[in-house]
Amino acid sequence: SWVNYESSASAPRLLFCNGVVGDVIQQWDGTTITNYAPTFTPGTLNARQMFNVRDRLVLFQTIEVGVLYPRRIRISGTGISCDVFDNTATGAGFIDIPDNTWFFGAAFNRDDVLFFTEAATWMLKYTGNDVTPFVLEKIDGSRGSSAAFSVISYLNRTLAASPRGLIISDGYQVDRMDNNIPEFTFNNIQGDQFLRCFSGFLDEDRDVYLIYPSHQVLFLIRRIRKIF
């Protein structure tokens, strides 16, 4: 996961993470790649996915000092405290998702971040309050995702590959979408390769694609634009 996120001195940089225990977030200033060094009293940070939300860096499924927190969302400060993750910065800190399953992927849905655990669909909503900048809202408690790279938003709707079928959400409710795809059977996806499902889009053609491991061939590409 990667994101453009300016430093406290307004210097442009690219931050990226891999969600691997033992690694740390990296930064690229256009010339050199170095370890990202946030202000975080316990030590190092890594994450599965990151977003720049309202000038704050938001990390999903963090790895803190080598320890994996599968349901943690950690939030930075803003402005001159944009790299501070301790509670010394206004609004910085963490939220633990009240779910018994792991975080599995997220995407922007309008101005908020819609994300999935394996069992449920959630929204990280901006409050406008600097002290408590975000709150969690559960959209659906029975349908989540277990393929992080299948999560993608297009035309204000977010799709994901769920163990219960392909799902889509407008930020208010979650529906099955695979019933509307001609000649597609969800069971075609290899269960033991489910994590390899990957979504993408070509905006100039308004095409959305799902790449998935099939029982018949290694991978199939399914065009699903008509769902949108």
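Strands β9, β10, β11 and β12 form an open sheet in that order, with antiparallel pairing. Strands here are DSSP runs of E with at least two residues, numbered from the N terminus, and two of them pair if DSSP finds at least two bridges between them. The edges are held by β9 and β12 (134-140), each with a single partner strand, so one side of each has no neighbour in the sheet. On average, neighbouring strands of this sheet are turned by 25° against each other, direction ignored; the axes are lines fitted to C-alpha atoms, and angles run from 0 to 180 degrees between N-to-C directions. Within the sheet, β10 (residues 112-117) and β11 (residues 121-126) run antiparallel and are joined by four bridges. Val113 has Leu124 in β11 as its bridge partner.

The model is predicted: local features need pLDDT of at least 70, side-chain atom pairs count only at pLDDT 80 or more, and totals for chains, interfaces and linings use all residues. Residues are numbered from 1 along each chain as its sequence is written, and side-chain values use heavy atoms, with hydrogens and water left out.

Another open sheet of four strands has the order β5-β6-β7-β8, again with antiparallel pairing. Its edge strands are β5 and β8 (93-96), each of which pairs on one side only. From one strand to the next, the twist averages 30°. Six bridges join β6 to β7 (residues 67-75), and these two strands run antiparallel. Glu64 stands opposite Val67 in β7. The C-alpha atoms of Gln61 and Gly93 are separated by 14 Å, the two residues being 32 apart along the chain.

The structure holds nine aromatic pairs, where rings of Phe, Tyr and Trp (its six-membered ring) pair if their centres lie within 6.5 Å; planes under 30 degrees apart count as stacked, over 60 as edge-to-face and the rest as tilted. Phe60 and Phe103 form a stacked pair, with 5.0 Å centre to centre and 20° between the planes. Phe60 lies in β6 (residues 56-64) and Phe103 in β9, so this pair ties together parts that are 43 residues apart in sequence. Phe60 counts as buried at 0% relative accessibility, and Phe103 counts as buried at 1%. One aromatic cluster is formed by Phe51, Phe60, Phe103, Phe108, Phe115 and Trp122.

The largest pocket holds about 670 Å³. A pocket is an open set of points on a 1 Å grid over the protein atoms alone, where a 1.4 Å probe fits, with protein on both sides within 12 Å along at least five of seven lines; lining residues have an atom within 4 Å of a point. Of the 23 lining residues, the closest to the centre of the pocket are Ser1, Gln49, Ala106, Phe149 and Val151. At least two lining residues each come from β1 (2-4), β5 (45-53), β9 (103-109), β13 (152-154) and β17 (198-202). Strand β5 gives the most, with five residues. The lining divides into 14 nonpolar, eight polar and one charged residue.

Methods:
Grid points are joined across faces, edges and corners, and a volume is the space filled by probe spheres set on the points. Ala, Val, Leu, Ile, Met, Phe, Trp, Tyr, Cys and Pro count as nonpolar, Asp, Glu, Lys and Arg as charged, and the others, Gly among them, as polar. Buried means under 20% relative accessible area, exposed over 50%, partly exposed in between (1.4 Å probe, protein chains only).
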